[in-house]
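Dear colleague,

Here is the structure I promised to hand over, followed by my notes on what was found in it. Please read the notes with the coordinates open beside you.

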Amino acid sequence: MIRRALDIVVSALALALGAPLLALAVVAIRLESPGPAIYRQRRAGRDGRPFDVYKLRTMVDGAENIGAGLAVDADDPRITRVGAFLRRTSLDELPNLVNVLRGEMSLVGPRPTLPVQVEQYTERQRGRLAIKPGLTGWAQVNGRASLPWPERIELDLYYIEHRSLALDLEILVRTLAMVLGGSGLYKGKAGGWEGEL
């Protein structure tokens, strides 16, 4: 209950404070390329239940149907100029706070992944679905997408086994440092994912 209360208070406050920045980003996205400014993508949540995650669109509209599809690399030509900035600063994930308010995500937890990735998990790896996915997590502050997927999943499992409010606070503080540094965003094709997309 404490974690859920924190999720609601912090995400509501962050959305309120970030509203002007979000509005500015929406205008910049729409001025640069046609299409909706908010991008929705189906992800796997707690226990594998699907939900739509909200993000600011950083690529050309319909990007998942052209080029490399769902795989994204640092020099992907589908990424817009505004989108590159939003990705580098992680501002593209600001609408994830709506998912937190709705109870589909938490502030801290394993990042939500695509259902096609979940289908390829081993039985052990499915353990990362035991809790709500997070806006940030232990894997994000220990390498983010620069890590191979099996290692990221092991970090997520470690978090689930050792999670506490103190660890959540440490992750949130370290996340702020990573966002300001813009590190670990890409790891070749599909962010280090080695299965099929």
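Leaving aside its neighbours within four places in sequence, D168 is in contact with R3, V108 and Y159, where contact means heavy atoms within 4.5 Å. Before going further, please note that this is a predicted model, in which local features need pLDDT of at least 70 and side-chain atom pairs count only at pLDDT 80 or more, while totals for chains, interfaces and linings use all residues. Residues are numbered from 1 along each chain as its sequence is written, and side-chain values use heavy atoms, with hydrogens and water left out.

To return to D168, this residue lies in helix α6, helices being DSSP runs of H or I with at least four residues and strands DSSP runs of E with at least two, numbered from the N terminus. D168 is buried, with a relative accessible area of 8%; buried means under 20% relative accessible area, exposed over 50%, and partly exposed in between, with a 1.4 Å probe and protein chains only. Its side chain makes a polar contact with the side chain of Y159 at 2.5 Å (a pair of N or O atoms within 3.5 Å; within protein, one must be able to donate a hydrogen and the other to accept it, and residues adjacent in sequence count only if both atoms are side-chain atoms).

Y159 also belongs to the largest nonpolar core, which has 19 residues and in which W138, Y159 and I171 touch the most other members. Such a core is a set of buried Ala, Val, Leu, Ile, Met, Phe, Trp, Tyr and Cys residues joined through side-chain atoms within 4.5 Å. Two or more residues each are given to this core by β2 (50-56), α3 (96-101), β3 (106-108), α5 (149-162) and α6 (165-181), and the largest share, three residues, comes from α6. Apart from it lies another core, of seven residues, among them V118, Y121, L129 and L157.

W138 is itself buried, with a relative accessible area of 12%, and, leaving aside its neighbours within four places in sequence, is in contact with L155, Y158, Y159, L167, E170, I171 and R174. How many aromatic pairs does a search of the whole structure find? The search finds one, formed by W138 and Y158, which are stacked at 6.0 Å centre to centre with 25° between the planes (rings of Phe, Tyr and Trp, the last by its six-membered ring, pair if their centres lie within 6.5 Å; planes under 30 degrees apart count as stacked, over 60 as edge-to-face and the rest as tilted). W138 lies in the loop between β4 (134-136) and α5, and Y158 in helix α5, so the pair ties together parts that are 20 residues apart in sequence. Y158 counts as partly exposed, at 38% relative accessibility.

Turning to the strands, β1 and β2 pair in the antiparallel sense over seven bridges, pairing being assigned if DSSP finds at least two bridges between two strands, and the bridge partner of R40 is Y54 in β2. The hairpin of β1 and β2 has five residues between the strands, and there D47 takes a positive phi near 60°, although D47 is not a glycine. D47 is partly exposed, with a relative accessible area of 49%. S90, in the loop between α2 (81-89) and α3, likewise has a positive phi, of about 65°, without being a glycine, but S90 counts as buried at 13% relative accessibility.

With best regards
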